[in-house]
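Reader: I would like to learn how to read strands, sheets, helix packing and a chain interface in a model. Could we go through them one by one?

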Amino acid sequence: MSVIYLLLTLSIVVAVIFFAAFIMATKSGQFDDSYTPSVRMLFEDELVKSSSKKTEKIANQKDENQKL
Amino acid sequence: MDKVRCYHCGDDCGKNPINLKDKNFCCVGCKTVYEIFSNNDLSYYYDLQSAAGAPPKEVEGKYDFLDSSNIVEKLIEFNDNGIQIINLYIPHIHCSSCIWILENLNKLNKGINSSQVDFPKKTVRVTFNSHKVSLKELVLLMSRIGYEPYISLDDFDRAKKSKDRGLSYKLGIAGFAFGNVMFLSFPEYFEVGEFWLEQFKGVFRWLMFAFSLPVVFYAAQDYFISAYKGIRSRFLNIDIPIALGILVLFLRSTVEIIFDWGSGFFDSLTGLVFFLLLGKFFQQKTYSYLSFERDYKSYFPIAVTRITSNNTEENTQVYDIKAGDRLLIRNGELIPVDAILTNGNARIDYSFVTGESEPVEKISGDKVYAGGKQISSAIEIEAIKSVSQSYLTQLWSNAVFQQDKSGSFQTLTDGIGKRFTIAVLIIAFVSSIIWLILDPSKTINVFTAVLIIACPCAIALAAPFTLGNMLRIFGRHGFYLRDTQTIEQLAQIDTAIFDKTGTITTAEKGNVYYEGLELTSEEESLLKNTLRSSNHPLSRKLYDMLAEQNIVPLEEYEEYLGQGIKGATVKDSVKIGSAAFVGHSDIKNRDSTSVHLSSNDQYKGCFIFQNQYREGVEETFKTMASDLELAILSGDNAGERANLTKLLPEGTPLYFNQKPDSKLQFIKTLQDQNKKVMMVGDGLNDAGALAQSNVGIAISENVNVFSPACDGILDAKNFKSLYPYILATRKAIKIIKLSFMLSLMYNVVGLYFAVTGQLQPVIAAILMPLSSISIVIFTTVTTNLLGRKLKSEQSSWK
């Protein structure tokens, strides 16, 4: 069997995989809202737990200072 | 000095800003929201966009109906084992800060699992654990941070429909097949008779056949359905030659590869369907956050408070209200049914039912109508009708709300489709007959080639691309249309009917002038101080208008409901209110809204509130009058007749005291005289007329708040652009007609090849995309030029 059959099969299989991925993405609603994700990706990363504790501590200290 | 702006909402803080950590706030509400955010590590909210917030509104008791599990059940999308999902519409969503804070709701309450904002739709989808937080608590939390969801009767019985993504799938399939088929057909374009090609062309051809199957039977099915419907109703639409072209392409190609006559036209076939669907997709621009389908349900609450026979309060669904039920209507709540006022004094704002801007006072025993909004303290009413039988809601039982306007309208493309189909069929038959005489073996070849090459792909693309682009251009200029068909209809109108209140007048700033004896400075000071204490809308307007005065404590202050107010210091007293209240009998300005004033029981004069007309009303009407028939249809009294006659072009008919139903009938009568009517209105009272008219345009001060069902929403700021917009639609139609000519030229070239029997697949494969692409470029460039012209016109006014 000629190698071209193998190549054709491979290329079509790859194409079909991507096509299936597109259909699944559409189905899950990925393309319903094309605006919000563009904004979302620009947000700062989530604050790391420890740093949030730190700010809490600072806030607590501030409160205590105010009480004093 | 600069005004002090609130750190949270950006409003003017006035004279006494509330200070916290070097930041100024206009009210305690804004300060509280700031505290909530900063205590929960969410102050990033203010870094993203400054002053993005809204002051939280008083919601005490407003969402008590969410305690009822029956109602909650209908609102939530998903409920399983304590995990609930709800999609809430939040009108305030407007910037990236809003997205950020709403997607971090879980930091404010541990019961919230996740939330996702859909910015164009202004909705947030919240997944929460109902064991930890109830829907009511969730809604209250969001209201507390200034993001109050809008829950109306519309949410209640909305069927949980899934979004229609059919077109996306079809476009995906057509694109996928088009790409692959082009790939496979490419070798045969140039190399004919080459050894390896001869070896494998069978495989290539049958693969192309396989790829074209889903395109013909799935992606293109809408064209077959539409063509079938057209034939059945004896109406030759543009989809008939398209469907015929697709079918012939597929059958001839299949026959060709079966008998090994050629490579077939699978490339043209898939390309055609792909381009056609692309046009459809482009046309489908929707403003998802604007709704053009609203009826009274979007305004009505889901539940109201009913007082049971043993004097306890309970929440009841509005559809369950029966005649005889006693209801409690709080400040700011809507009266859902026609009823009799039994307890309390009502001041009811009927502005979106009648268009009347001033609230009406009602006393116990009076009849109140559904749709009014109570704007003073709580009242008790007794229902005399159910919701669906009330005066306002009955308007929606009129047949115009049931029929689909788009069904009866013949678009330009369909209009040309008829002639086109006939012409193509004639050419196909005539050339086949000629070939039957010359060379019978080529007859079928020529017949199918004509149908293939004449497939009006470019014609079918002209309208979607022109109108779709116009739709976007209008959207950028504050004119939002429901669909592309509206543009075609707008280009045809010859009559324009306007509502008065809220449409050509603005609600924002009324003109107030004083008529009478001059006031001394003491009197002015006393007047201002008296007005300060009153909450009546007219008092507030007057108060804002008068010059600043020092605060003087009043010795005596009394408010007489429905009559006026009285204030006094040690030596002077002042009375403000109706003519009778201040002891004045000579009534001159009976028709316009006026407030009379007397000082120490001596009549001084009156303040007259004049309707403020929108900027550019006069010029707009003047320019329109030469082209369109105009009329004013107002629900108001005739008080403004004199003013309007002065303002508008001579002979413009004015109609006053029009009920919602009579407005609808008025439009209908005009249409019976074969007029194409545009109705411009704003309130629910125009809803019938807007639905009946050929094009119903709603004017809106803020496009995010609700406007009645219509074909288009015009931002009130751009009122004076209305006529240029209409002219632009006419130019758009001209562009489409030019594109038709252009694509017909391509068809003539193609037909030459087809009729002479020399149509090669490669020619079809070049000609079809070439004509489509040149049409797309032509329409896009010309509409953008049109848009640029609109923009320069608009900026020259400013």
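Predicted model: local features only at pLDDT ≥ 70, side-chain atom pairs only at ≥ 80, totals over all residues.

Reader: How many residues lie between β7(B) and β8(B) in the hairpin, and which residue in the turn has a positive phi?

Author: The hairpin of β7(B) and β8(B) has five residues between its strands, and B:Asn311 in the turn takes a positive phi of about 60°.

Reader: Which strand does β7(B) join through three bridges?

Author: Strand β7 of chain B, residues 303-307, is joined by three bridges to strand β9 of chain B, residues 326-329, and the two run antiparallel. Along this pairing B:Thr305 stands opposite B:Leu328, while B:Arg306 stands opposite B:Leu327.

Reader: In what order do the six strands of this open sheet follow one another?

Author: The order in chain B is β8-β7-β9-β15-β10-β13, with antiparallel pairing, and the sheet is open. Its edge strands are β8 (313-317) and β13 (367-368) of chain B, each of which pairs on one side only.

Reader: Which open sheet has mixed pairing, and how many strands does that sheet contain?

Author: The open sheet with mixed pairing has seven strands of chain B, in the order β16-β28-β27-β26-β17-β24-β25. At its edges stand β16 (479-481) and β25 (654-655) of chain B, and each has a single partner strand, so one side of each is left without a neighbour in the sheet. Within this sheet, strand β17 of chain B (residues 495-498) pairs with strand β26 of chain B (residues 677-681) in the parallel sense over four bridges, and B:Phe498 of that pairing stands opposite B:Val680 in β26(B). Helix α23 of chain B, residues 660-672, packs on the sheet and touches β17, β24 (629-633) and β26 of chain B, its direction making about 160° with that of β26(B).

Reader: At what angle do helices α10 and α11 of chain B pack, and how far apart are their axes?

Author: When two helices pack, the angle is read together with the distance between the axes. Helix α10 (residues 239-258) and helix α11 (residues 266-283) of chain B pack at an angle of about 155°, with their axes 9 Å apart. Angles over 145 degrees count as roughly antiparallel, and α10(B) and α11(B) are therefore roughly antiparallel to each other. The crossing of α10(B) past α11(B) is left-handed.

Reader: Which residues make the contact between α10(B) and α11(B)?

Author: From α10(B) the contact draws on B:Ile242, B:Ile246, B:Leu249, B:Phe250 and B:Ser253, and from α11(B) on B:Phe266, B:Ser268, B:Leu269, B:Leu272, B:Val273 and B:Leu276. By class, the residues of this contact are nine nonpolar, two polar and no charged.

Reader: How many residues of chain A are in contact with chain B?

Author: In the interface, 18 residues of chain A are in contact with 17 residues of chain B. On the side of chain A that touches chain B, α1 (3-27), α2 (36-40) and α3 (49-67) of chain A each supply at least two residues, and the largest share, six residues, comes from α1(A). The residues on that side of chain A comprise 10 nonpolar, four polar and four charged.

Notes:
Residues numbered from 1 in each chain as written. Chains lettered and ligands numbered in written order. Pairing = 2+ DSSP bridges. Contact = placed C-beta atoms within 7 Å. Nonpolar A, V, L, I, M, F, W, Y, C, P; charged D, E, K, R; others polar. Axes fitted to C-alpha atoms, helices over the stretch in contact; angles between N-to-C directions. Parallel < 35°, antiparallel > 145°, perpendicular 65-115°, else oblique. Left-handed = near helix turned anticlockwise from the far one by under 90°.
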